[in-house]
Amino acid sequence: MSETADRPVSDLDAFSDAPAVTVGGSGGASPWRLAARRLRKRPGALAMGIVFLVLVAVMLAAPLYARHVADTTPYENHLSDQIEVGGETVNVVGFDGVPIGPTWRGKFLLGADSNGRDVAVRLLYGGRNSLLIGLSAALITTVLGLTTGLLAGYFRGWTDSVLSRIMDVLWAFPVILLGIALGTSLSLGGLKAGPVEVSGGSLAIPIFVIAVIYVPYLARPIRGEVLSLREKEFVEAARAQGMGPIRLIHSEILPNVISTGLVFFPLLVANAILLEAALSFLGAGVQPPEPSWGTMIDEGVERIVTAPALAIVPGAMIVLTVLSLNVFGEAVRDALDPRAKVRIEH
Amino acid sequence: MTRTLRNSVAARIAALILIVLGLGSVVVACGSDDSSDSGSSSGGESGGSITISQTSQPDFLDPALSYTVNGWEPMWLVYTPLLTYPHVEGTEGGELIPGLAENLPVVSNGGKTYKLQLRNGLKYSDGQPVVASDFAHTIKRVLNLESGGSFFYENIVGAEEYLKAGNPNGDIKGIKTDDDTGEITIDLVDADASFSNILAMNFAGLVPGDTPFKNMTEDPPPGVGPYVITKSVPNREFVMEKSPNFASFDIPDIPTGHVDMITTKIIKNANQQAQDVLANKLDYMQDPPPADLKPTVKEQAGDRYRETTTGSTYYFFMNTRVAPFDKAKVREAVNYGIDKPGLARIFAGELAPGCSFLPPGMPGYNEAFDTTDCPYGDPSQPPDLDKAKQLLKEAGEVGTKLTVWGNNDDPTDKVTEAYADMLNQMGFDATPKIVDGGVYFQTIGNQSTKAQTGFANWFQDFPHPLNFSFLVDGDSIQPTNNQNFGNVDNAELNETINQLTLEPELASVADQWEAWDEALVSPPNSYIAPYGHRKIATFTSDRIDFDAVVFHPLYLNDYSSFQLK
């Protein structure tokens with residue numbers, strides 16, 4: 001694998017036929033082991049990685065909290081309910097529409113929203129949705145981006161022309177506007193493609209929208225790497241031995257570009273979570289009654305004076321999640337290829 | 001007229017930008033520097049100037065076209081129709097009086113011919129005389145400009161032919177006018193007991209005969225009224241000044257106004273408006289203060305803030321052509337299971353829980369039916385969920401999937417989510433479907449959508465039950481743009497509407513309307529699920545004599561009653 005040792009950087013900002021990111025290494029240790037060694041030297045980043053894992057674990061525990069602590073669901077309205085707080089009976093939602101603030105108890109720990117729903121429960125379920133969308137969208141983007149980049153870069157010619165123009169079209173739209181356009185239209189009518197039918201309120205809609213939007217951001221640098229790799233001696237040697245294109249892509253080229261996908265993945269997750277929050281805030285992402293941090297901020301903004309926690313808490317969760325992913329992702333990038341300058345810009 | 005507060009994507013984008021810039025809370029806390037001197041004026045009971053605000057530009061500042069509260073509230077004082085309403089509160093404010101006509105119309109020919117006499121000596125605000133043929137021109141503009149109000153006048157003989165001919169200056173056969181005598185005769189295709197109310201609508205506010213057949217928002221035409229629009233800069237401001245000659249006409253029951261000048265500024269941020277009214281930098285805000293600021297407003301300015309119930313009804317439609325709402329028991333169950341006081345909380349208290357389809361102040365409205373005599377229990381009390389569950393079980397519809405339609409206007413989205421949750425508590429498997437407010441009513445009004453149930457509301461255009469009955473009239477069902485969302489089609493109720501349409505004396509048939517309303521809502525029909533009537537806020541600066549402000553049942557806050565202390 002020494003052919004890949006001196007590859008220059010990959011930079012998403014400057015789309016070009018730039019060669020590839022590498023899993024650099026020497027001295028006998030495998031590239032992955034070297035990367036792990038470098039990663040261990042970044043305790044702060046590792047800590048943020050652990051924070052992210054803790055967040056995932058907490059979100060996964062949402063049903064337990066809802067059932068055994070809060071005794072409600074994320075959808076249940078408690079408009080006319082009353083609860084005991086400090087020995088006093090108080091309305092969950094006041095006659096003037098002001099919801100109860102944090103009680104710091106099991107029920108309505110972080111207060112209620114305007115519909116009398118438990119904010120803490122919705123925060124956890126919203127986090128599950130945000131993480132599910134972020135991780136799923138990033139995974140789909142990675143698969144589609146790698147596939148597109150590999151096919152376009154290896155086959156060149158009309159395959160490259162067609163795929164690159166599609167990428168150009170997607171890239172030409174501002175991310176938010178494309179997200180709103182796709183999200184709004186699909187959430188109204190759902191998605192029907194042959195036997196596949198997805199209802200407008202399904203989480204699959206924002207997952208699909210976000211995944212598609214980010215494909216060019218991965219596909220283009222992958223294509224650049226593949227264009228360079230396909231001319232390398234080891235690829236030519238494999239071709240000369242009669243290896244077919246699909247097998248060649250799979251066994252010779254993919255292993256050399258997979259690290260770029262890995263470098264991108266945490267950043268894609270972070271960006272997907274941010275985009276989901278923005279789209280949901282604008283009504284084009286997660287649809288009611290499903291909670292998400294974006295929809296919770298949207299609801300909370302209207303109560304920023306009387307119930308500031310409604311907007312601040314989900315906002316803080318987004319910041320913590322994205323920050324942890326970005327710091328950890330940066331460290332992963334440095335570990336896999338210290339010279340890479342990977343960025344996702346909108 | 002459907003009226004809701006919009007929370008559009010654009011507004012959300014603006015809010016998002018504010019959040020990103022970290023300015024969200026700053027905006028809440030700060031007033032505008034621009035408006036710091038906007039409220040200055042001289043004092044006194046009459047005279048002086050005030051500055052008020054609207055959140056969005058009125059749809060039109062042209063009486064032929066405007067069909068929103070934003071437009072009607074100011075233009076009522078600029079364009080007086082032949083008939084109008086007294087500037088007083090309560091039921092009296094909904095009683096027809098002569099406006100530019102000498103008297104109420106003489107109705108003949110089985111309710112199909114209306115004769116009116118124009119007052120003598122009337123002049124528009126620009127000094128040109130008012131003549132009878134101006135009425136015909138006014139109606140032609142409404143029809144020709146494809147106004148939202150044009151269908152009200154399509155019952156005039158020759159109106160359809162006029163529209164088909166496509167000649168703006170052509171004649172409408174059913175309108176005969178005599179400029180010398182001031183006589184106006186209107187012939188209708190079908191008798192319509194509400195036509196006098198239609199003549200009193202803002203659309204029929206007289207404009208000169210040479211007013212162009214185009215939207216005149218940027219240069220509103222002269223009218224006859226206590227005020228004249230002297231400046232209009234769309235999306236920024238418009239100015240109304242006292243009409244120079246209106247007082248000399250001495251038209252009974254139409255006041256001449258107090259303040260000399262009213263400047264209406266368009267300020268997108270409702271928080272800013274509320275802060276400015278609190279700080280006396282603005283004298284009045286047309287939209288209610290945001291729910292978030294209401295506690296502050298009530299605490300700091302409770303003596304200049306009040307809420308008044310309007311002639312409106314908020315209800316859930318249940319599509320009788322689609323399962324499970326083709327079963328009366330299911331509709332009855334829903335009526336039992338709705339938490340009306342809970343929904344009132346979503347409206348921040350700006351909803352009077354109720355059970356009547358006809359709104360307060362409307363002839364035929366029965367206050368007892370709307371409160372204590374409601375067949376589903378007192379609307380101000382918690383719902384009878386057990387009864388709802390039992391009825392649903394009897395109907396065999398437990399677990400039935402429902403799609404609950406609503407739009408993203410505030411607070412309709414929250415109401416829709418709450419309604420879906422209430423249906424789930426009854427035993428359905430309901431999911432809300434929120435669509436953009438701009439396409440909502442067209443979407444659910446399209447039969448191909450097969451909308452099962454969802455949000456609906458109606459504000460009166462005029463105080464006559466016919467303005468509500470068409471929403472549940474089987475004869476009004478259409479394949480598209482249908483406003484009878486539940487496809488209510490009951491032969492008996494339809495027949496009652498048809499009979500009462502012919503009755504010119506509304507007072508004499510008010511009890512029949514009352515019975516019709518009860519039959520519509522009560523078991524075994526239970527066609528719709530009304531849950532309340534919207535309240536509208538009056539919030540003024542300290543400079544305004546708050547006690548003198550008149551809240552009109554139709555045109556809401558009456559600017560001609562605004563006077564400086």
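**Architecture of chains A and B in the predicted model**

The structure is a predicted model, in which local features need pLDDT of at least 70 and side-chain atom pairs count only at pLDDT 80 or more, whereas totals for chains, interfaces and linings use all residues. Residues are numbered from 1 along each chain as its sequence is written, and chains are lettered from A and ligands numbered from 1 in the order in which they are written.

Along the principal axes, the C-alpha atoms of chain B fill a box of roughly 70 × 65 × 40 Å. Of its 565 residues, 55% count as buried; a residue is buried if 20 or more other C-beta atoms lie within 10 Å of its own, exposed if 12 or fewer do, and partly exposed in between, with C-beta atoms placed from the backbone. The secondary structure of chain B comprises 18 helices and 20 strands, where helices (H or I, at least four residues) and strands (E, at least two) are DSSP runs numbered from the N terminus. Among contacts in chain B between residues at least 6 apart in sequence, 70% join residues at least 24 apart; two residues are in contact if their C-beta atoms, placed from the backbone, lie within 7 Å.

Chain B is divided into domain 1 (58-233 + 242-257) and domain 2 (312-536), with bounds that come from an automatic or database domain assignment. The C-alpha centres of domain 1 and domain 2 of chain B lie 33 Å apart. Contact between these domains involves 13 residues of domain 1 and 13 residues of domain 2 of chain B. On the side of domain 1 of chain B that touches domain 2, 6 residues are nonpolar, 6 polar and 1 charged; Ala, Val, Leu, Ile, Met, Phe, Trp, Tyr, Cys and Pro count as nonpolar, Asp, Glu, Lys and Arg as charged, and the others, Gly among them, as polar.

Strand E5 (residues 113-117) of chain B pairs with E7(B) in the antiparallel sense over 5 bridges, and Leu116(B) has Ile184(B) as its bridge partner; two strands pair if DSSP finds at least two bridges between them. Strand E6 (residues 175-178) of chain B is also antiparallel to E7(B), to which 4 bridges join it, and Thr177(B) stands opposite Ile184(B). The hairpin of E6(B) and E7(B) has 4 residues between the strands, and Gly182(B) takes a positive phi near 80° there.

An open sheet of 5 strands in chain B has the order E8-E9-E10-E1-E11, with mixed pairing. Strand E8 (227-233) and strand E11 (284-285) of chain B stand at the edges, each with a single partner strand, so one side of each is left without a neighbour in the sheet. E8(B) and strand E9 (residues 237-242) of chain B are antiparallel over 6 bridges; the bridge partner of Lys231(B) in E9(B) is Val239(B).

The domain assignment of chain A gives domain 1 (79-116) and domain 2 (119-333), with 38 Å between their C-alpha centres. Their contact takes 10 residues from domain 1 and 11 residues from domain 2 of chain A.

Between the chains, 30 residues of chain A are in contact with 36 residues of chain B. Helix H6 (175-189), helix H9 (245-281) and helix H10 (293-301) of chain A are the elements that give two or more residues to the side of chain A that touches chain B. That side has 15 nonpolar, 10 polar and 5 charged residues. In H10(A), 8 of the 9 residues are buried, so this helix is largely enclosed by the rest of the structure; the buried residues include Trp293(A), Met296(A) and Ile297(A).

The largest nonpolar core has 161 residues, and those touching the most other members are Ile210(A), Tyr214(A), Ala272(A), Tyr315(B), Phe316(B), Leu423(B) and Ile528(B); such a core is a set of buried Ala, Val, Leu, Ile, Met, Phe, Trp, Tyr and Cys residues joined through C-beta atoms within 7 Å. H9(A) gives the largest share of this core, 18 residues. A second, separate core of 82 residues includes Ile184(B), Ala200(B), Ala204(B) and Met240(B).
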